[in-house]
Amino acid sequence: MATTTSLDVRADFPILAGDIAYLDSAATSQKPEAVIEAISDYYRTSNANIHRSVYELAVKATEAYEGARERVAEFVGWETPTTIFTANASAAINLVAYAWARHELKPGDEILVTDMEHHSNIVPWQLAAHDTGAKLRYLHVQEDGTLSLDELDEELARGTIKLVAAVHVSNVLGTLNPVGEIAARARDAGALSLIDGSQAVPQMPVNVAEIGCDFYAWTGHKALGPTGIGVLHGRRELLESMRPFIGGGHMISMVGEQESTWNELPWKYEAGTSPIAEAVGLDAAVKYLQAIGMDTVRAHEAELTAYALERLPEVPGLTLFGPTDLDKRGGAVSFAVEGLHPHDVAELLGRENVCIRAGHHCAQPLMRHLGVPATARASFHVYNNRQDVDRLIDALHNARKVFQL
Amino acid sequence: MDELYRDYILEHYKQPRNFGELPEHDLEFHDKNPLCGDEMELHIRVEDGKIADLKWHGQGCAISQAAASIASDELIGMPVEDAAKLDADWMLEQMGIEISATRRKCALLNLKVLRGAVTGDPSWPESE
C-alpha cells in the first residue's frame with residue numbers, strides 16, 4: 001500500500017515537523033513557511049498605515065494590501081473593486097445581513113437557508129429576520145447528504161423568498177452543493193443568492209463569476225492564510241446601492257456635520273485600519289496554493305477522502321455521514337462510533353497526536369437533522385498523507401480498546 | 001489502565017445509576033453544554049427536606065455521564081439545603097480522576113443541573 005500521494009508538501013509546514021496527524025483543517029488550516037515569512041517580512045520591512053501617507057513605507061504597505069486584493073480576487077475569478085476584505089466569513093455575511101437585508105426585507109419576505117449551514121450562515125439571517133419581520137425557511141438535507149433542487153424550486157415558487165443563503169461545501173458532511181444551479185434558480189425567481197465558500201476556496205478551484213451568485217463569502221485562515229481576514233465578493237450594482245455596514249475611517253468621501261458620503265468600492269465597506277499584514281499573509285497563501293495548482297489540491301484531498309472512506313468502515317460500529325460519491329463531496333469526513341461519544345474519541349485520539357474535531361461543528365440544525373448530538377470529524381488539506389489516515393484508523397481501534405468495546 | 005477512563009468511570013458510563021425519569025417529582029431541571037451539545041435532565045423527589053429519590057437522563061460523553069451517575073448515589077438522602085451548597089471541588093473529588101480544563105464542563109454539567117433544580121441558579125459551578 002502506498003504511504004504517500006504524489007503531492008508531498010508537508011515539509012513546508014513548520015508546525016507539522018513533529019509527530020502529529022493534523023486532521024482538523026476544516027476548523028483551521030496550518031500555515032506554510034511562505035505565509036509565516038510573508039507576514040514577518042511585512043512587519044520587518046513594510047509596516048505603515050495604508051492609503052494616507054506618501055512616504056515610501058506607506059506606499060509599500062498600500063501596494064502590498066491592494067496587490068493582495070487583486071491577486072485574491074483573481075484567484076476566485078472576480079473583479080478587484082468588488083472584493084472586500086473583512087475580518088472573517090461571519091463578518092462578510094453580516095455585512096450583507098446589515099447593509100442589504102435590514103433595508104430590503106419586510107414582513108412577509110423569506111430567507112431560504114439550508115439544514116447544513118454553519119451557524120455563521122444562519123444566525124445573521126435570524127437577527128436580520130427578527131429586525132425586519134421576515135422569516136427563515138430551510139432546505140432539507142436528504143438521506144444521501146445532498147440537497148434537492150426540486151425542493152429548492154418548490155421553495156422559490158412561494159414567491160416570498162428574497163435571498164437564498166447556501167454553503168458551497170459543508171463543514172460537517174463534506175457535501176459539495178450545486179451552487180451555480182442554486183444561484184441561477186434563485187435569480188430566475190427574483191431572489192438574491194449568497195454562497196458561503198469557507199470550506200470550498202481552500203480545497204478546490206472556485207470561480208465566483210461562473211457560479212453567478214450575488215455574494216460569495218470565505219475566510220483566509222482555512223485557506224492556509226492567517227486568522228483575522230475574510231473576503232466578500234459582491235455584485236457591483238448591489239454593493240453600490242447598499243448602505244455601508246460599519247462606519248469609520250477611510251470608508252467616507254466627505255464627512256459633514258450631519259451627513260457623510262461614501263468612498264468608492266471596495267473601501268466603502270472597509271472602515272478603520274485594515275488587516276494589512278493579514279492580507280499580505282493571505283496573498284502569500286493564495287500564491288502558495290496557485291503554485292501547487294487548485295486542481296492538484298482538489299485531487300489530493302479527494303484521494304485522501306476516498307482512502308479515509310475506504311478505511312474508516314474497518315472500525316467496528318462506525319457510522320459515516322455525508323455523500324459517498326466523491327464528486328459530490330469535499331475533504332471533511334464526519335463519523336460516529338457506537339459506544340464512544342465523539343468527545344471521548346477526540347480525547348483519546350488527541351493523546352496519540354491525532355487531531356480531529358468533535359462536537360456540533362457550529363451546525364446544530366444539521367445535528368438535529370442527523371439525530372446525533374455531535375459527530376467526530378476528520379478533515380484534510382495539502383499537507384496530509386495516507387499515513388495520517390492510517391494513524392486515525394489505528395487510534396480509533398485503540399480508543400475502542402480503552403472503552404473495552 | 002487509562003488515567004481518565006478508569007474502570008469505574010466506564011462502568012458508570014455504560015451502566016449509569018439512577019438513570020431515567022421520576023413521573024412524580026418535586027424539582028426538575030434541564031440544561032445543556034452549548035459547547036458540545038451534551039444534555040441532561042434531573043428529577044428530584046423531596047421528603048422532609050431531603051432528596052428522597054432522584055433520576056437523571058441525558059446524552060453526553062463518558063465523563064459527563066459517569067459524573068451524573070456517581071453523584072446520583074451520593075445525593076440520595078442528602079438534605080436539599082446541603083445539595084444546594086455543593087461546589088465544583090466536591091464533584092471533581094467524587095470523580096477521583098484528574099480532569100483537564102477542556103473536560104471540566106463535562107464533569108460539572110450534572111452539578112449545574114442539580115443547582116438549577118434546587119436553587120434555580122443555572123450558572124456553571126465554581127470551585128471555592
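Gly145(A) is buried, because 23 other C-beta atoms lie within 10 Å and 20 or more is the mark of a buried residue. The model is predicted. Gly145(A) sits in the loop between E4 and H5 of chain A. Setting aside neighbours within four places in sequence, the contacts of Gly145(A) are Leu173(A), Thr175(A), Phe321(A), Gly322(A) and Pro323(A). Val315(A) is another reference point: 170 residues separate Gly145(A) from Val315(A) in sequence, and 21 Å separate the two in space, C-alpha to C-alpha.

Strand E4 spans residues 135-139 of chain A. Helix H5 covers residues 149-156 of chain A. This helix lies across E3, E4 and strand E5 (161-167) of chain A. Its direction makes an angle of about 155 degrees with E4(A).

Now take the sheet as a whole. Seen in order, its 7 strands read E2-E8-E7-E6-E5-E3-E4 in chain A. The sheet is open, and its pairing is mixed. Strand E2 (83-86) and strand E4 (135-139) of chain A form the edges, each pairing on one side only. From one strand to the next, the twist averages 20 degrees. Strands of a sheet pair through backbone hydrogen bonds, either parallel or antiparallel.

E4(A) pairs with strand E3 (residues 110-114) of chain A in the parallel sense, over 5 bridges. Here Leu112(A) stands opposite Arg137(A) of E4(A). E3(A) also pairs with E5(A), again in the parallel sense, over 3 bridges. Glu110(A) has Ile161(A) in E5(A) as its bridge partner. E5(A) is mostly covered, with 7 of its 7 residues buried. E5(A) and strand E6 (residues 192-196) of chain A pair in the parallel sense over 5 bridges. Leu163(A) faces Leu192(A) of E6(A) in this pairing.

Which residues touch the most other members of the largest nonpolar core? They are Leu194(A) and Val280(A), in a core of 160 residues. Both domain 1 and domain 2 of chain A give this core at least three residues.

Step back to the domains. The domain assignment divides chain A into domain 1 (10-29 + 293-402) and domain 2 (35-289). Their centres, taken over C-alpha atoms, are 27 Å apart. How many residues of each domain are in contact with the other? In domain 1 of chain A there are 28, and they meet 28 residues of domain 2 of chain A. On the domain 1 side, helix H10 (294-311), strand E12 (332-337), helix H12 (364-370) and strand E15 (375-379) of chain A each supply at least two residues. H10(A) gives the largest share, 5 residues.

Chain B remains. Its contact with chain A involves 12 residues of chain B and 11 residues of chain A. On the chain B side, 6 of the residues are nonpolar, 3 are polar and 3 are charged.

Technical notes
Residues numbered from 1 in each chain as written. Chains lettered and ligands numbered in written order. Predicted model: local features only at pLDDT ≥ 70, side-chain atom pairs only at ≥ 80, totals over all residues. Domains from an automatic or database assignment. Contact = placed C-beta atoms within 7 Å. Helix = DSSP H or I, 4+ residues; strand = E, 2+ residues; numbered from the N terminus. Nonpolar A, V, L, I, M, F, W, Y, C, P; charged D, E, K, R; others polar. Core = buried A, V, L, I, M, F, W, Y, C linked by C-beta atoms within 7 Å. Buried ≥ 20, exposed ≤ 12 C-beta atoms within 10 Å, placed from the backbone. Pairing = 2+ DSSP bridges. Axes fitted to C-alpha atoms, helices over the stretch in contact; angles between N-to-C directions.
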